[in-house]
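Here is a short briefing on one structure. Please keep the sequence and the model open as you read.

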Amino acid sequence: MLSIVLVSCEDEGTGSTLKNYNYVSLEVPSSKTFSLYPNESITTESKVYVTYASSVDRTFALVVDMTLSGTPATPATTLDASYYTVPATVTIPAGELVGTFTVGITGTNIGAGKKLVVGLGQEVGVDVGINSFTTTPVYEAGSSIPVNYVNVVNTGKITYNVEERCDFNKVVVSIKFDNYPEETAWDLRDASMNVIASGGFNAAGDAITGYAALGFADQSTFTSPNYCLPGGQYTFTIYDDYGDGMYTSATVSGTYTVKLGTTVLASGGGDFGFLQETTFTLP
């Protein structure tokens with residue numbers, strides 16, 4: 001299916017014509033999702049289409065989108081470059097309307113999910129993945145009626161969404177700090193009280209170092225990766241090194257949640273003293 005803009009050969013009411021030429025576009029749908037086990041590698045094939053066949057091979061540039069946006073600014077592509085391969089170009093053979101390219105992805109350090117965004121590079125004389133456009137009137141020799149050539153404004157892109165595959169329960173910890181993230185730590189233990197995940201402790205796990213040292217500002221939010229947990233009993237404990245919980249004032253108070261999808265397994269915040277503990281069971 002072509003992801004291109006098809007426009008009428010006549011611009012109704014003006015008498016001018018709109019000339020479509022050299023359109024090239026990535027396939028639709030414009031996003032794909034992959035669930036990978038830790039360190040599992042896959043390859044996936046994507047297609048590029050053009051509107052006119054050529055008598056010679058045509059090669060187009062592929063670009064990984066690292067455009068920054070949002071606050072704090074994050075790149076469009078969040079998957080580490082060590083864990084993907086994208087060819088520099090894609091070729092559409094002579095006489096063909098379709099070319100293919102292969103992307104490689106490895107499921108390492110996925111966390112709560114990562115994205116790889118790939119687009120087509122702008123090239124002279126080629127209209128790339130039409131999302132929006134303006135027109136330029138051109139009067140050809142001997143004609144009083146302009147031909148409106150399309151000027152591309154935005155390029156089309158394809159997004160590869162990567163998530164960690166889990167055959168059990170995906171559990172996520174989220175903490176919104178008060179004004180003292182340096183005082184907060186937590187751990188998650190199994191039924192035998194073995195620590196299976198934690199944060200805010202030193203390497204030995206016997207002293208709270210908090211989240212300010214990890215770059216988290218006052219009233220910021222930490223979200224853990226997905227923890228893939230089999231059924232059973234678990235205990236989540238949140239700690240405060242000062243002993244006043246996550247309470248700064250009547251208007252500034254920290255909170256936390258532990259979730260399985262939309263199901264809340266543990267939650268709390270405010271002034272809980274030195275620690276607050278919740279035991280829950282996963283199916």
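Alanine 53 is partly exposed, with a relative accessible area of 48%. The model is predicted.

**Alanine 53**
- Alanine 53 lies in the loop that links strand 5 (41-50) and strand 6 (58-64).
- Beyond its neighbours within four places in sequence, alanine 53 contacts Arg58, Gly95, Glu96 and Leu97.
- Glycine 95 is 42 residues from alanine 53 in sequence. In space, the C-alpha to C-alpha distance between them is 4.9 Å.

**Threonine 159**
- Threonine 159 sits in strand 16 (residues 157-164).
- Its relative accessible area is 18%, so threonine 159 is buried; the cut-off for buried is under 20%.

- Five strands make up an open sheet, in the order 4-16-12-6-10. The pairing is mixed.
- Strand 4 (31-36) and strand 10 (89-92) stand at the edges. Each has a single partner strand, so one side of each has no neighbour in the sheet.
- On average, neighbouring strands of this sheet are turned by 25° against each other, direction ignored.
- Strand 16 pairs with strand 12 (residues 114-120) in the antiparallel sense, over six bridges.
- Within strand 16, valine 162 stands opposite lysine 114.

Technical notes. Residues are numbered from 1 along each chain as its sequence is written. This is a predicted model: local features need pLDDT of at least 70, side-chain atom pairs count only at pLDDT 80 or more; totals for chains, interfaces and linings use all residues. Side-chain values use heavy atoms; hydrogens and water are left out. Helices (H or I, at least four residues) and strands (E, at least two) are DSSP runs, numbered from the N terminus. Buried means under 20% relative accessible area, exposed over 50%, partly exposed in between (1.4 Å probe, protein chains only). Contact means heavy atoms within 4.5 Å. Two strands pair if DSSP finds at least two bridges between them. Axes are lines fitted to C-alpha atoms, for helices over the stretch in contact, and angles run from 0 to 180 degrees between N-to-C directions.
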